[in-house]
Amino acid sequence: AFMKTLMGTTLNADESDVFNSVNDKFRNSTQTTEQHQVLIPEKIVEGIWKEIGELHPILGDIAATRVKGELTFILEDTKGTDAEWVDENTESTDSDVKFGTLTLTGCELVKSIRVSWKMKKMSMDSFMQYIITHLAEKMAGTLAYGVVRGKGKPGDGDDWKAQPRGIITALEAESSTPQIISATGSFTYQNLTKLMSSIKSGYSTGAVIYANNDTIWNELANITDANGRPLFVPDVTSGGVGRILGKVVKEEDAMKNGEILLSNVARGYKMNINENITLYQEDHVKARATDYMSYAIVDGDVLTTKAFALLKK
């Protein structure tokens with residue numbers, strides 16, 4: 001029923017009842033009476049998110065939550081002191097551990113594609129894959145950009161729209177930027193070891209290197225050790241394109257040329273999908289085309305900068 005609606009094919013009575021029943025319930029739950037808004041079946045939504053993760057590995061590595069409304073996480077403001085060994089006559093000392101909060105609200109993510117009526121004449125399976133692929137492409141780039149370098153919530157005088165706060169944005173905002181290593185010329189072995197040492201030990205396990213295609217093959221793949229042996233080992237079985245110094249290297253287009261991000265996003269970054277992907281459609285008779293607009297409410301922010309390190313020129 002969903003696909004026939006998207007393709008402009010007439011629904012029979014049973015299909016119409018099912019389609020209206022599901023979408024009326026959905027519109028009531030989201031407090032909207034917009035008749036152009038269509039709930040996407042879970043199978044297709046899963047396909048879109050799967051393809052988004054494949055297009056941008058950094059998104060696939062984030063353990064996103066799906067909670068409606070504001071979502072608050074507890075984070076440690078200061079490292080504090082460790083526990084101590086005592087005897088029965090020793091009074092414990094006060095801890096200087098302080099806790100803050102990270103609250104994710106909701107940022108509207110909207111992307112649209114236009115499909116000609118002639119294109120809508122293709123088979124249902126082909127059309128479904130076409131919609132999944134193109135909606136994923138449209139949303140993935142913007143979402144990955146937000147995770148890497150999104151500006152966050154605008155303050156007074158800011159002119160950008162609310163968006164997730166990116167990892168690099170958070171690193172650059174720190175005083176003296178301790179998690180950022182600058183390099184001149186081609187990257188060296190020493191640059192990489194400095195990068196590895198800049199991430200907190202507890203986050204090193206599971207950390208991944210993200211860089212774009214140009215940086216991987218023109219920079220990382222050409223770094224050698226003192227004996228002239230390449231450090232980069234091509235290996236597609238690890239989930240990336242290779243390994244370097246034991247870390248998986250993944251191709252991430254949201255990174256700029258000359259940037260290498262060592263990142264444990266699974267533990268250092270939080271993303272919440274406040275409202276899953278829904279779809280709006282609008283026909284244009286003169287243009288003989290239909291606009292499909294995907295819509296989601298998503299937010300994300302850095303839980304701790306110690307889970308990341310950036311090497312850049």
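Biologist: Which strand is the place of S263?

Modeller: Hello! This is a predicted model, where local features need pLDDT of at least 70, side-chain atom pairs count only at pLDDT 80 or more, and totals for chains, interfaces and linings use all residues. Residues are numbered from 1 along each chain as its sequence is written, and side-chain values use heavy atoms, leaving out hydrogens and water. Helices (H or I, at least four residues) and strands (E, at least two) are DSSP runs, numbered from the N terminus. On that numbering, the place of S263 is in strand 10.

Biologist: Why does S263 count as buried?

Modeller: A residue is buried under 20% relative accessible area, exposed over 50% and partly exposed in between, using a 1.4 Å probe and protein chains only. S263 is in contact (heavy atoms within 4.5 Å) with I167, G206, A207, V208, Y210, A307 and F308, leaving aside neighbours within four places in sequence. S263 counts as buried because its relative accessibility is 1%.

Biologist: In what order do the seven strands of the open sheet stand?

Modeller: Strands of a sheet pair through backbone hydrogen bonds, either parallel or antiparallel. Here, two strands pair if DSSP finds at least two bridges between them. The pairing in this open sheet is mixed, and its seven strands run in the order 5-13-10-6-9-8-7.

Biologist: Which are the edge strands?

Modeller: An edge strand here pairs on one side only.

Biologist: What angle does helix 7 make with strand 13?

Modeller: Helix 7 (residues 189-197) packs on the sheet, and the strands it touches include strand 5, strand 10 (259-263) and strand 13 (308-312). Axes are lines fitted to C-alpha atoms, for helices over the stretch in contact, and angles run from 0 to 180 degrees between N-to-C directions. The direction of helix 7 and that of strand 13 make about 160 degrees.

Biologist: Is D158 buried, partly exposed or exposed?

Modeller: D158 lies in the loop between helix 5 (124-149) and helix 6 (167-173). Its side chain reaches the backbone nitrogen of G155 at 2.7 Å. With a relative accessible area of 35%, D158 is partly exposed.

Biologist: What share of the 313 residues is buried?

Modeller: The protein has 10 helices and 13 strands. Among its 313 residues, the buried share is 45%.

Key:
Polar contact = N/O pair within 3.5 Å; in protein donor to acceptor, adjacent residues only side chain to side chain.
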